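Work through the exercises below with the structure open beside you. Try each task before you read its solution.

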Amino acid sequence: MASNHDSPTVKDAAEPTDELISRTVDTPDTPSAWQDLEAKVPTLRSRAEVASFAECVLVELRHEPVAARFRPELHYTTEWVLCRSEHLTVETTKPFVRVCIDGRLGVSIEPCSRATAREYLCRTLSQDELGVVDVQPLAVLSLDKL
């Protein structure tokens, strides 16, 4: 694990292997549609717009080494990233993994189906807790930026 002076990555926070993000994941070379995917939470969008945004995010997760992340406005709540399981070193038959980072409870890894990943996104966008959902390259995510 990184020292208090370093910015620990999701990879550093994962226990017990300390290698959550696959070493083969790299930052995409060219600008893509995922760079514009961002929504404030709670959103004022209709249910159809929320579902459409979630579908756009899932398409980008399927084609690029990126992760959707939820960054709460309040720092004491749970932050999470959602990505394809193939980009992580976890063994699962599920296509997606949600990594939850809680300052009090630590890191939890939740493999999930595409339908569950979509539900996570839609529920988060519709919740009352203030924050932002966006898409970032998986290789550069760190705990202090989530």
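**Exercise 1. A helix and its packing**

Task: Find which residues of H2 are buried, and what they pack against.

Solution. This is a predicted model.
Step 1. The buried residues of H2 are Val50, Ala51, Phe53, Ala54, Val57, Leu58, Glu60 and Leu61.
Step 2. Look at what surrounds them. These buried residues pack against the strands E1, E2 (66-72), E3 (79-84), E4 and E6 (131-137), and against helix H3.
Step 3. Now check the length of H2. The helix has 17 residues, and at 1.5 Å a residue it should span 24 Å. Its end C-alpha atoms are 25 Å apart, which agrees.

**Exercise 2. The whole chain**

Task: Describe the fold pattern of the protein chain and say how much of the chain is buried.

Solution. 
Step 1. Count the elements. The chain has 3 helices and 6 strands.
Step 2. Read them in order. The pattern is α-β-α-β-β-β-β-α-β.
Step 3. Turn to burial. Of the 146 residues, 45% count as buried.
Step 4. Consider the surface. The chain exposes about 8,300 Å², and carbon and sulfur atoms supply 48% of it.
Step 5. Consider the contacts. Take those between residues at least 6 apart in sequence: 58% of them join residues at least 24 apart.

**Exercise 3. A hairpin**

Task: Work out how E4 and E5 are arranged.

Solution. 
Step 1. Locate the strands. E4 covers residues 96-102, and E5 covers residues 106-112.
Step 2. Find the direction. The two strands run antiparallel, joined by 7 bridges.
Step 3. Pick out one pair. Phe96 has Cys112 in E5 as its bridge partner.
Step 4. Look at the turn. E4 and E5 form a hairpin, with 3 residues between them.

**Exercise 4. Salt bridges**

Solution. Side chains of opposite charge can pair when their charged atoms come close. The structure holds 7 salt bridges.
Step 1. Arg71 forms a salt bridge with Asp134, with the closest N and O atoms 3.3 Å apart. Arg71 lies in strand E2 and Asp134 in strand E6, so the pair ties together parts 63 residues apart in sequence.
Step 2. Arg98 pairs with Glu110, with the closest N and O atoms 3.2 Å apart. Arg98 is in strand E4 and Glu110 in strand E5, 12 residues apart. At 14% relative accessibility, Arg98 counts as buried. Glu110 is at 23% and counts as partly exposed.
Step 3. Asp102 and Arg104 meet in a salt bridge at 3.8 Å, N to O.
Step 4. Look for a network. Salt bridges link Glu55, Arg114 and Arg118.

Key
Residues numbered from 1 in each chain as written. Predicted model: local features only at pLDDT ≥ 70, side-chain atom pairs only at ≥ 80, totals over all residues. Heavy atoms only, no water. Pairing = 2+ DSSP bridges. Helix = DSSP H or I, 4+ residues; strand = E, 2+ residues; numbered from the N terminus. Expected span 1.5 Å × (residues − 1). Buried < 20%, exposed > 50% of the residue type's maximum accessible area, 1.4 Å probe, protein only. Contact = heavy atoms within 4.5 Å. Areas by Shrake-Rupley, 256 points an atom, 1.4 Å probe, with all protein chains shown as cover. Salt bridge = Lys/Arg side-chain N within 4 Å of Asp/Glu carboxyl O.
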